[in-house]
Amino acid sequence: MFHTEETVVYGANGICTIGEITEQSFCGETRQYYVLHPVYDKGATIFVPVDNRELTAKMHRILTKDEVHALIGGLPEEADEWIENDGDRKRAFQEILESGDRKKLMGMIRVLYLRGEQQKKRGKKLHIADERAFREAEKILHEEFAHVLEIPTDQVVPYIASRLEA
């Protein structure tokens, strides 16, 4: 169970603050909802039914600074294997995005970044679905890292690079 004023990561919506837990009626059904306010999208409000396990499973407590540093430090030298089949790759990336597993998100970003660099050398680009998955994973992690580390989102990549060089 989450609490009011707690900060969480909610799927692809990123960092959110739980503004309240309230009873609301939608479509004639009254339920309790977490009312989420995305930190990086001030105009949005998200209602998540407290009793909906599928949706509440997308809510994750944010990392601590130590956990962020451990993730960065644990980034493997080798990238994960590229999945050649487009459909299999799309499903695998979607599962990672939905899981919210930060280590897997970092691995996914790394493999997509390296694949993009390979494609550039050949005068090509990433497949549009791969580019979309890359941007979504990047948004999720960059927002969380920026929030936890108290830095602007555009400083996350330089921060990670500096930690890896140290």
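The model is predicted. Its chain has 166 residues, of which 39% count as buried. Taken along the principal axes, the C-alpha atoms fill a box of roughly 55 × 40 × 25 Å. Six helices and five strands make up the list of elements in the chain. Read from the N terminus, their order is β-β-β-β-α-β-α-α-α-α-α. As for how the chain meets itself, 49% of the contacts between residues at least 6 apart in sequence join residues that are at least 24 apart.

When its neighbours within four places in sequence are left aside, Leu97 is in contact with Leu105, Met108, Ala133, Glu136, Ala137 and Ile140.

Attention now turns to the space that the atoms leave empty. Rolling a probe the size of a water molecule over the atoms shows where such space is left. The largest pocket holds about 580 Å³. It is lined by 24 residues, and the closest to its centre are Ile109, Arg110, Tyr113, Phe134 and Glu138. The elements that give two or more residues to this lining are α4 (102-121), α5 (128-149) and α6 (156-165). Of these, α4 provides the largest share, with nine residues. By class, the lining of the pocket comprises 14 nonpolar, two polar and eight charged residues.

The structure also holds one cavity of 30 Å³ or more. The space in the largest cavity amounts to about 50 Å³. Its lining is formed by Val9, Gly11, His60, Leu97, Gly100, Arg102, Leu105 and Ile140. Four of these residues are nonpolar, three are polar and one is charged. Leu97, which lines this cavity, is also the residue whose contacts include Leu105 and Ile140.

The cysteines deserve a short account. A disulfide is a covalent bond between the sulfur atoms of two cysteines. A search of the whole structure finds zero disulfides. Cys16 counts as buried because its relative accessibility is 0%. Cys27, by contrast, has a relative accessible area of 87% and is therefore exposed.

Most residues other than glycine have a negative phi. Cys27 is not a glycine, yet its phi is positive, at about 55 degrees. This residue lies in the loop between β2 (14-26) and β3 (29-38). Glu150 likewise has a positive phi, near 60 degrees, in a residue other than glycine. Its place is in the loop between α5 and α6.

Key. Residues are numbered from 1 along each chain as its sequence is written. This is a predicted model: local features need pLDDT of at least 70, side-chain atom pairs count only at pLDDT 80 or more; totals for chains, interfaces and linings use all residues. Side-chain values use heavy atoms; hydrogens and water are left out. On a 1 Å grid over the protein atoms alone, a cavity is a set of points where a 1.4 Å probe fits but cannot get out, and a pocket is an open set with protein on both sides within 12 Å along at least five of seven lines; lining residues have an atom within 4 Å of a point. Grid points are joined across faces, edges and corners, and a volume is the space filled by probe spheres set on the points. Helices (H or I, at least four residues) and strands (E, at least two) are DSSP runs, numbered from the N terminus. Ala, Val, Leu, Ile, Met, Phe, Trp, Tyr, Cys and Pro count as nonpolar, Asp, Glu, Lys and Arg as charged, and the others, Gly among them, as polar. Contact means heavy atoms within 4.5 Å. A disulfide is a pair of cysteine sulfur atoms within 2.5 Å. Buried means under 20% relative accessible area, exposed over 50%, partly exposed in between (1.4 Å probe, protein chains only).
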